[in-house]
Amino acid sequence: MTELAAVKAALKTQAVETPSWAYGNSGTRFKVFAQAGVPRDPFEKLDDAAKVHEFTGVAPTVALHIPWDRVDDYTALAAHAEKRGVRIGAINSNTFQDDAYKLGSVCHPDPAVRRKAVDHLLECVDIMDATGSHDLKLWFADGTNYPGQDDVRSRQDRLAEGLAEVYERLGEGQRMLLEYKLFEPAFYTTDVPDWGTAYAHCLKLGEKAQVVVDTGHHAPGTNIEFIVATLLREGKLGGFDFNSRFYADDDLMVGAADPFQLFRIMYEVVRGGGFTSDVAFMLDQCHNIEAKIPAIIRSVMNVQEATAKALLVDAGALAAAQAAGDVLEANAVLMDAYNTDARPLLREVREEMGLEPEPLKAYRSCGWAEKVVAERVGGEQAGWGA
């Protein structure tokens, strides 16, 4: 197989998971903006996700968020997904939208609140069983706002205790993915603020626990690709939440703010074997002012483009330059790949997969947007908390 053929083959195996909540209404901290044709329930979210997969060919799974995607029959929801040509992906928990969680969830000083939070996480594992999902994704808004508000070490003990109970409930082939976030909504201490804290808990839990890297959850200037490389080296990179940030956790379209950073991250994924392992590549975005489905298609294409460029890095030339200590040549090899226009290659890959070469153009001409605007009238649109 030629080098180019190998790159094409790799791109055809890529899978980018889309988030159900990105198909619903979202907004800033001040206003949620409604759009016509937005899904009204998880079944309609899956219908929209199926369109993204239809035109990109690399978005076969859809992450759910509980309770936003709660239904009476999860087996029926999974069957609906299969009928539409997609599958249920990660089950995301929600321990941040209940009045009881004002002082935390699994780290709360009150045992009754901690019990409530852990029971919700166990419910999410039940949903995994019913839908065939393999991943439980956890993000905690737990933390404190003021020095002395709570005991920092005790909160870590409570976190470890709650995680351990849920970990023991995981079945064969299931895993726990622990996400971290620098700050927000807690402003003094966050209970899982960085990859080191998440890694420490996952290491203690065992092989089924891995770290999730949300590309928007870091301080300015953080070298995210170093974190990715380290977690891959330790076998603890479970997945990504891809998005972009200019200031904080902006949840913008992946690659919008810094496409070069996305390329550098994907290079480390390719270099570390993460592209051919079980690392989950998921989007986590809020499309506030742009149309939902086209934005998600664009995001998937952005991940594809960064991946293609990462695969085009001349590994032999790069290794030789690094071994020789040739700083300029090593950087040039990397930059040559980044500066390559990968769009013609990706058009070829899509045609070879039996897809339209231009996913956005194909979607816009298919009539789906007009169809859902006409049909999705009445009921309550899905969105934050819906």
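At the start of helix α4 (residues 111–131), a side-chain oxygen of D110 lies within 2.9 Å of the backbone nitrogen of A112, a polar contact being a pair of N or O atoms within 3.5 Å in which, within protein, one must be able to donate a hydrogen and the other to accept it, with residues adjacent in sequence counting only if both atoms are side-chain atoms. The model is predicted, so that local features need pLDDT of at least 70 and side-chain atom pairs count only at pLDDT 80 or more, whereas totals for chains, interfaces and linings use all residues. Residues are numbered from 1 along each chain as its sequence is written, and side-chain values use heavy atoms, with hydrogens and water left out.

Helix α4 comprises 21 residues and reaches 30 Å from its first C-alpha to its last, close to the 30 Å expected at 1.5 Å a residue; the expected span is 1.5 Å times one less than the number of residues. Helices (H or I, at least four residues) and strands (E, at least two) are DSSP runs, numbered from the N terminus. Among the buried residues of α4 are V113, R114, H120, C124, M128 and T131, where buried means under 20% relative accessible area, exposed over 50% and partly exposed in between (1.4 Å probe, protein chains only). The buried residues of α4 pack against α3 (74–83), β5 (87–92), β6 (135–138), α5 (152–169) and β8, contact meaning heavy atoms within 4.5 Å. The helix is followed by G132, which has a positive phi near 80 degrees.

Strand β5 is mostly covered, with 5 of its 6 residues buried. Strand β4 (residues 61–65) runs parallel to β5 and is joined to it by 4 bridges, and V62 stands opposite I88 in β5; two strands pair if DSSP finds at least two bridges between them. The chain passes from β4 through α3 to β5 in a right-handed β-α-β crossover. A crossover is right-handed if, with the strands pointing away from the viewer, the path from the first strand over the helix to the second runs clockwise. Strands β5 and β6 pair in the parallel sense over 2 bridges, and I91 has L136 as its bridge partner in β6. The β-α-β crossover from β5 through α4 to β6 is right-handed.

In strand β10 (residues 209–214), 6 of 6 residues are buried. Strand β8 (residues 175–179) is joined to β10 by 4 bridges in a parallel arrangement, with L177 opposite Q210. Strand β10 is also joined by 4 bridges to β11 (residues 237–242), again in parallel, and V211 has L237 as its bridge partner. A right-handed β-α-β unit is made by β10, helix α7 (residues 224–233) and β11.

F275 is located in the loop between α8 (259–271) and β12 (280–283) and counts as buried because its relative accessibility is 12%. Leaving aside neighbours within four places in sequence, the contacts of F275 include A10, Q14, F281 and L311. N302, in helix α9 (residues 292–311), is buried, with a relative accessible area of 18%.

The protein chain has 14 helices and 12 strands, and 55% of its 386 residues count as buried. Its radius of gyration of 21 Å agrees with the value near 21 Å for a compact globule of 386 residues, taken over C-alpha atoms with the globule rule of 2.2 Å times the number of residues to the power 0.38.
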